[in-house]
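Dear colleague,

Please find below the structure I am handing over to you, followed by an account of what was found in it.

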Amino acid sequence: MAKVMVYPLKREDARRLCEQHPHAQSLPNSTKLCLGGYIDGRLIGLAAWGYGIKPSLTPRHMFGPTSCVADYLELCRFFVYDSAPKNSASAFLAATHKIVRKYIPGVKWLYTYAAGFQGMVGTIYQASNYLYIGKQTASSFIYVPDVGLIHAMSLFHRYAITGDLLNAASKLFGRRVFKWVGHNYRYIYFLCKPDRVNDLMDTARFTVQPYPSLIDIEVYIVDNTGRRIPMSTADAKQIPIVKLPTKRLKDSSEPLDVLSREGGATPTQPLQHLGRGRSDAKA
């Protein structure tokens with residue numbers, strides 16, 4: 001396999017790539033470093049390092065009150081296109097580790113998760129020698145058939161919907177909707193020296209566990225009666241995450257076709273010359 005070269009990307013270019021990926025349609029505002037992977041001058045994927053929704057809480061949750069934001073970075077977005085050669089994803093990820101270590105001093109560890117609720121278990125992280133530290137339930141998405149997954153927070157920002165999300169969303173979209181439930185598989189990678197790793201693990205609030213496999217993935221939908229309906233891993237991988245426009249509408253009953261015209265509710269397709277993307281990170 002040809003060597004993967006990594007170069008910084010402008011934030012706007014990274015945002016555009018995310019918009020055209022079915023599972024990563026936005027670039028988080030907390031992103032600090034956007035990197036593109038290239039083979040023979042051709043872009044094969046994106047790695048965006050930064051923070052999650054609550055940057056200050058993650059280090060304390062992981063290592064206690066003495067840990068701080070400067071200690072870590074989170075992989076906000078990571079995907080490699082299907083057209084890339086085999087094993088290029090892990091090579092690309094490893095190259096980003098070297099860049100972070102060199103240009104962002106003080107970072108002791110890297111954090112990420114695989115979106116099990118989208119049928120992914122983190123094989124790229126496992127191949128890159130990340131440590132697996134357990135799973136968390138992911139149950140904040142509403143599944144709208146023929147549309148995709150919409151985060152409950154997105155519905156709140158757009159329509160001020162709270163309370164009975166399923167019934168409210170069913171009326172809004174004019175069809176039966178479901179709660180989508182699965183897991184996020186959490187991983188950590190240490191950049192610091194072994195003696196410092198030992199010091200960190202003395203205060204760790206997690207335990208290192210055996211890697212999960214595809215048979216461990218559990219995804220299901222729940223209807224408004226509480227009935228569970230299992231979803232296959234293959235089906236989970238095909239459902240896009242839909243980002244609604246954030247501007248709140250005055251009329252909360254505005255129909256779906258209005259949202260599509262505004263450019264947020266209709267899932268976008270990746271650029272033809274890049275091919276479909278696969279992701280082992282978060283949506």
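Among contacts in the chain between residues at least 6 apart in sequence, what percentage join residues at least 24 apart? The share is 76%. Please bear in mind that the model is predicted.

The chain holds 9 helices and 11 strands. Of its 283 residues, 53% count as buried, and its accessible surface comes to about 13900 Å², with 53% of that belonging to carbon and sulfur atoms.

Val100 belongs to helix α3, where it is buried, as are Phe92, Leu93, His97 and Ile99, among others. Helix α3 spans residues 88-103 and reaches 23 Å from its first C-alpha to its last, close to the 22 Å expected.

Strand β8 (residues 178-190) and β9 run antiparallel and are joined by 3 bridges. On its other pairing, β9 is joined by 4 bridges to β10 (residues 228-231), again antiparallel, and Ile221 stands opposite Ile229 there. Both faces of β9 (residues 219-222) are covered, with Val219 and Ile221 buried on one side and Tyr220 and Val222 buried on the other. The hairpin of β9 and β10 has 5 residues between the strands, and Gly226 in this hairpin takes a positive phi near 90 degrees.

With kind regards

Technical notes: Residues numbered from 1 in each chain as written. Predicted model: local features only at pLDDT ≥ 70, side-chain atom pairs only at ≥ 80, totals over all residues. Heavy atoms only, no water. Helix = DSSP H or I, 4+ residues; strand = E, 2+ residues; numbered from the N terminus. Expected span 1.5 Å × (residues − 1). Buried < 20%, exposed > 50% of the residue type's maximum accessible area, 1.4 Å probe, protein only. Contact = heavy atoms within 4.5 Å. Areas by Shrake-Rupley, 256 points an atom, 1.4 Å probe, with all protein chains shown as cover. Pairing = 2+ DSSP bridges.
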